[in-house]
Amino acid sequence: ERITVFAAASLKTALDQIADSYALTSGDEVVISYAGTPVLARQISLGAPADIVVTASTEWMDWLEARGAIAPESRFDLAGNRLVLIAHDSSHPAVAPEHAALDKALGEARVAMALVEAVPAGIYGKAALLHLGLWERLSPQVVQTDNVRAALALVATGATAFGVVYDSDARAEPRVSLVTTFPSESHPAITYPAARVDSRDTPAAQRFFAHLRSPEARAQLRDMGFTAPPGAP
Amino acid sequence: MTDWLGPEEWRAVALSLKVSIWATLVSLPLGLWVAYLLARKEFPGKQLLNGLVHLPLILPPVVTGYLLLASFGPQTGFGRLLESFGIVFAFRWTGAALAAGVMAFPLMVRAIRLSIEAVDQRLEQAAATLGASRIWVFATVTLPLILPGLTAGAILAFAKAMGEFGATITFVSNIPGQTQTVPSAIYAFLQVPGGEASAWRLVIVSIVIAMSALLLSEWLARRAANRVRAT
Amino acid sequence: MTDWLGPEEWRAVALSLKVSIWATLVSLPLGLWVAYLLARKEFPGKQLLNGLVHLPLILPPVVTGYLLLASFGPQTGFGRLLESFGIVFAFRWTGAALAAGVMAFPLMVRAIRLSIEAVDQRLEQAAATLGASRIWVFATVTLPLILPGLTAGAILAFAKAMGEFGATITFVSNIPGQTQTVPSAIYAFLQVPGGEASAWRLVIVSIVIAMSALLLSEWLARRAANRVRAT
Amino acid sequence: MSLSVTLQHQLGAFTLDASFEAPEGLTVLFGRSGAGKSTIVNAVAGLLRPDAGQITCDGAPLYDSATGRHVPPHQRRVGYIFQDARLFPHLTVRQNLLYGRWFAPKSTPGPEFNRIVDMLGIGPLLGRRPDGLSGGEKQRTAIGRALLANPRIILADEPLAALDEPRKAEILPYFERLRDEVSTPILYVSHAASEVARLATTVVALDAGRVIRQGAASDVLSDPAVTPLGVRAAGAMLEARVQAHHDDGLSQLDAGGASLLLPRVDQAPGTRVRVWIEAQDVMLATERPQGISALNVLETTVRALRFGAGPGVLVQLCFGDTLLLSRITRRSADALSLQPGLRVFAVIKAVSVARDAVGDQPRPEL
Amino acid sequence: MSLSVTLQHQLGAFTLDASFEAPEGLTVLFGRSGAGKSTIVNAVAGLLRPDAGQITCDGAPLYDSATGRHVPPHQRRVGYIFQDARLFPHLTVRQNLLYGRWFAPKSTPGPEFNRIVDMLGIGPLLGRRPDGLSGGEKQRTAIGRALLANPRIILADEPLAALDEPRKAEILPYFERLRDEVSTPILYVSHAASEVARLATTVVALDAGRVIRQGAASDVLSDPAVTPLGVRAAGAMLEARVQAHHDDGLSQLDAGGASLLLPRVDQAPGTRVRVWIEAQDVMLATERPQGISALNVLETTVRALRFGAGPGVLVQLCFGDTLLLSRITRRSADALSLQPGLRVFAVIKAVSVARDAVGDQPRPEL
Ligand SMILES: Nc1ncnc2c1ncn2[C@@H]1O[C@H](COP(=O)(O)OP(=O)(O)OP(=O)(O)O)[C@@H](O)[C@H]1O
Ligand SMILES: Nc1ncnc2c1ncn2[C@@H]1O[C@H](COP(=O)(O)OP(=O)(O)OP(=O)(O)O)[C@@H](O)[C@H]1O
Ligand code: MOO
Ligand SMILES: [Mg+2]
Ligand SMILES: [Mg+2]
């Protein structure tokens, strides 16, 4: 049987692995469509045929819930993440997450980020830079993409020198180096809520949805650089 | 080729071919009709129709995609009406075909219109005096004469449909094996670390398909020009 | 209008106009030259050039954007070379103009090419026998005769440039006030909860601009057809 | 079997107001360029809707402004032969020929395919496309196409005008055969006097949108008062019978009792032919000239004289029932004291009668 | 001031191998359709590069296959008048006329603008665009445009072929004036005998890509052995002087001592004109005919006879230095026992000489 999952772009590497191993053991086929969280949310609200949705922020899941698009009782937090600054330069030295050091390191260089008003990674990133007092100066240098993986790709290819992405993204891409990890208090907690789509309640979807809560899936997420969801024990 | 392309890439190519062929074939009669209207008839609102046909050419494709979603989405009245007849577009390959067809429509109509305008109307008059009614004149004279131009327009539309991205991804999303066309797949691969190789393979496939189609279409268009002249 | 559009929307409109006008004006001479080559000359590689010109029409725009980034990006040798001359495209409005120009190029060339093909070459021969060299023939006969067609092509290109999205956002991203054109802004607004109102205002603005341009272009093209005939 | 036309139509500054009958046989509509000939033919074909009038073919109304009736072109069953052949470029000659068959009523069988193909000599072309045909071959195919649609009337709008002389000479006989072998009335537009002379059974002369004269060809053409194509194109049509062909390339004909020697005509002895003799080629003499090169000297009587504005005079002559026109200078007419009733000799050089001025004579209906 | 052409060129199955000289005045290149006339003119203009040969204008080589020289069209200074006027649709008549001026060498001033405009009678059109002009007005503008480019040679490729008769008659005199008033040599293509007769100073007759005869117009045209346009178009060109205009619409001319009466000619008494008399309009008599309508009876001597394949004979006659051609039947030639040296009377009807067969005579260089 086929299960369709709409998931935030940053989950690409990890969720693909979970789905592959699940498909091997269960015989179900898991099809995942990745995009920036707002695109997913809007498409699901317009009736996209997803069984399960995983967003990169609670706001957009709340937005879906308010529209009655998801089954509220199924909602749970799948994982958390850390926000990092990466560089294309593979030998870029690590920098402390503070105003002066970052200000100097970034200079006039372009910084790739997801859309700062809409996409979770961008929203978190803008919050972190605001917190560090860098947003005002940096915003004209910020290059916005429609999801976090597109920002990652810009840094990976060297189109921009720096980028703000998730820790899990940085680990998946060998062509970037970690410059700094933003302190968790500098931005709202990064949460990946998952839920079943209300109108689509198949046994296969329920099985895979249950599998996502399994220790095995959590371990795979952990291996890929995700953290436990905030507030989880 | 099956070896060279991975299964996911292969699926995207197959889907794109299916989507583009359907988009082309289904829009062809409509394109022919609209091109004929624009080439031959004078009626109030002609310029409006002309503008409407061209809209997808000049509107941001994402907007076209949203307009499609807002018109044919499962949440809309029209979408539900269609669904009751078993016709669903949103987030299906059929929707990808619709999006591709809409986006390619202006190019198709422009090409067909030109070939209709090149047909010598005196030949049609001659056919009428020989007893052929309007419809027969069209079927036995106009249509055969524009056939190369029609084919050229269809092929150009096909090539454009193969490359359509913005409206497609907005209207039907990017579901592997279901709505992930070659351009969506390229987009997805470009965002996966290490996905460039797959992306470039697909780029090459789409260039090869589109270029062959295009050269064929140019060749046919040139033949058409030579053929339509009255003798 | 300044009241009706917010400042960010207004900036996007102004930027889009600037980008599209530059894209059109700068690509016009090149488009004219390429259209002339394709319409009048036979040379090896002509079909390759023709294919290349059409590529942006049929390639996924995202791919075009990536190809531009891979060619003109700050990391590339070519990008650095240009930068040493003070020319930077990536993530600048100039890059948006480049992307828009490249995407609109096939439409422009197609329109100009048609109008050149419609010019009666016997008029050019007549000019030559009257003492005009190739360049003068072009300047005093060909160019005036294709002027309406040329304008039509330029306007169509302008309209297309106003709507360009995929290649632009890939090549120059979406920097408000710098590279956020109307289509990028519409896209961005559509992703923000509650951004629909702004998005639709911009959609209306772009439809109005593009449609006016288009009708103007059609009208000019028709005038061109009437004018070029030899007498 | 006849066509009756009454039309009023306004085209810009031009007013058409014409009324005529085209009976059996071939009716030539002639007049200068811009006289309105094509306008009439198009109205008959239904390609143009006149402002007012009636068009009736064979009793069936095709157009009647009083009742608002306007039969569309494809239901009129006219066989229109255009100046430019307008063959369908995508069809072979055979397919072009058979095109009208698809639409022709099955109840009244049309002419037989092979007969028409033979008549027009286009058998060897059947498999070819119009592209490679010569102008004459194209026009013959167009004639066949119109005929095979089994029309109630054939319209031909200057079907030879686009052809050069040898090609014209090639096609003219086909129209003669058409007139003689096919019982369909033919409305034929021309402003070439030689075509009119050779082909017409009936003549309708048009000038500036009005019919200025209509009637049997021999009457209208030999009338010195009617010279719609100018006096230089005036002439007379003689009905004659081929008598013998001589070894020196001349043919002997009998025209109303008088003997005519002309350059070899193609028809067999016994055939009735019509001969067009231009008025300016006829010299007059009061005494029978001796020792002259002209081979034909006819004894005639002056019937009428028409003095024009210029230095010329048109003299109508007759011998037996046959009429002849001569154009001479006013000075000569005075010198010879020409006046109706005078007996004069008409001198006609054999070589001045062009080969294409001799044609088959229309036969009475078969 | 002369043009010398030697060309070989292969076009598909057609081989051009021609060599001729065009001296002062107007040289008519004539021959049937497909003889290669346009090919030659295009080679002279530089629009076609021949396989081999030389083209020299006024001593300057325009093309020489031996040296590989091929002067491009815009440096040749030819004034090409095309069959279709090819006026620039986006320019006014004035701008069209002045187009060549921009590029003409400033050192040698060309003809004066006003003089050309007056000569062609296009003053009232100067501000208009070609669109609204009649065919004749267009062609006159095209002639002016070519002249004002100050060319070293004028080329005209059937400049009248696309015009109807009245329009032709309107333009012909301009070419006569051109020939007489402008000292530029003219190469003029035509296959109409009447144009050749009226305009040519020199004639180059072309057949199937080869020059079959060239020489002074009066010599070539009166030669019974040369009938490149067919025997029906044969004729002779007489040089004559207008003597008087009579009240009855006739004009009296003196042709080499003999008196000719023709329908009114436009030129003033004293003017030298050329008269084209078609061979088939000349009747022969061994005795002076009495009481005939023909006004012109010339005493001539038979110089030569040419028997063709048909029933006709071309007879070359002379009176004084003037040559005349007559076409009669072989039978008459036998009956009259025609042979060189015999004195015969040539009988010519005044009305058979068409108005457009009388033209200005080329004047010796001014
Ligand atoms: N569309 C039109 N608008 C205005 N006047 C027209 C139009 N069509 C034809 N005319 C005029 O109508 C008149 C008759 O035209 P028509 O074509 O019937 O003449 P015709 O006798 O066939 O001439 P031709 O021998 O040159 O073919 C002409 O004076 C022409 O200028
Ligand atoms: N491009 C070509 N390819 C092959 N044959 C050609 C080509 N152009 C001309 N010809 C042939 O060359 C010959 C001479 O043509 P040309 O046009 O010079 O003749 P012309 O004397 O000007 O005839 P016309 O009086 O019809 O204008 C013709 O037989 C023609 O068929
Ligand atoms: O994973 Mo996101 O929705 O691009 O921040
Ligand atoms: Mg007509
Ligand atoms: Mg020619």
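Student: Which side chains of chain C and chain E meet in a salt bridge?

Tutor: This is a predicted model, where local features need pLDDT of at least 70, side-chain atom pairs count only at pLDDT 80 or more, and totals for chains, interfaces and linings use all residues; side-chain values use heavy atoms, with hydrogens and water left out. Residues are numbered from 1 along each chain as its sequence is written, with chains lettered from A and ligands numbered from 1 in the order in which they are written. A salt bridge here is a side-chain nitrogen of Lys or Arg within 4 Å of a carboxyl oxygen of Asp or Glu. With 2.6 Å from N to O, the pair is C:Arg122 and E:Asp84.

Student: Thanks! What area is buried between chain E and chain C?

Tutor: Buried area is the accessible area (1.4 Å probe) that two parts lose on being put together, summed over both. Carbon and sulfur atoms give 67% of it here, and the total is about 2,000 Å².

Student: Which residues in chain E lose the most area to chain C?

Tutor: Three residues together make up 31% of what that side buries. They are E:His74, E:Arg86 and E:His90.

Student: Let's turn to ligand 2. How far is an oxygen atom of ligand 2 from an N or O atom in the side chain of E:Ser38?

Tutor: E:Ser38 is among the closest of the 13 residues that surround ligand 2 (a heavy atom within 4 Å). From its side chain, an N or O atom lies at a distance from a ligand 2 oxygen of 2.7 Å.

Definitions and conventions
A polar contact is a pair of N or O atoms within 3.5 Å; within protein, one must be able to donate a hydrogen and the other to accept it, and residues adjacent in sequence count only if both atoms are side-chain atoms.
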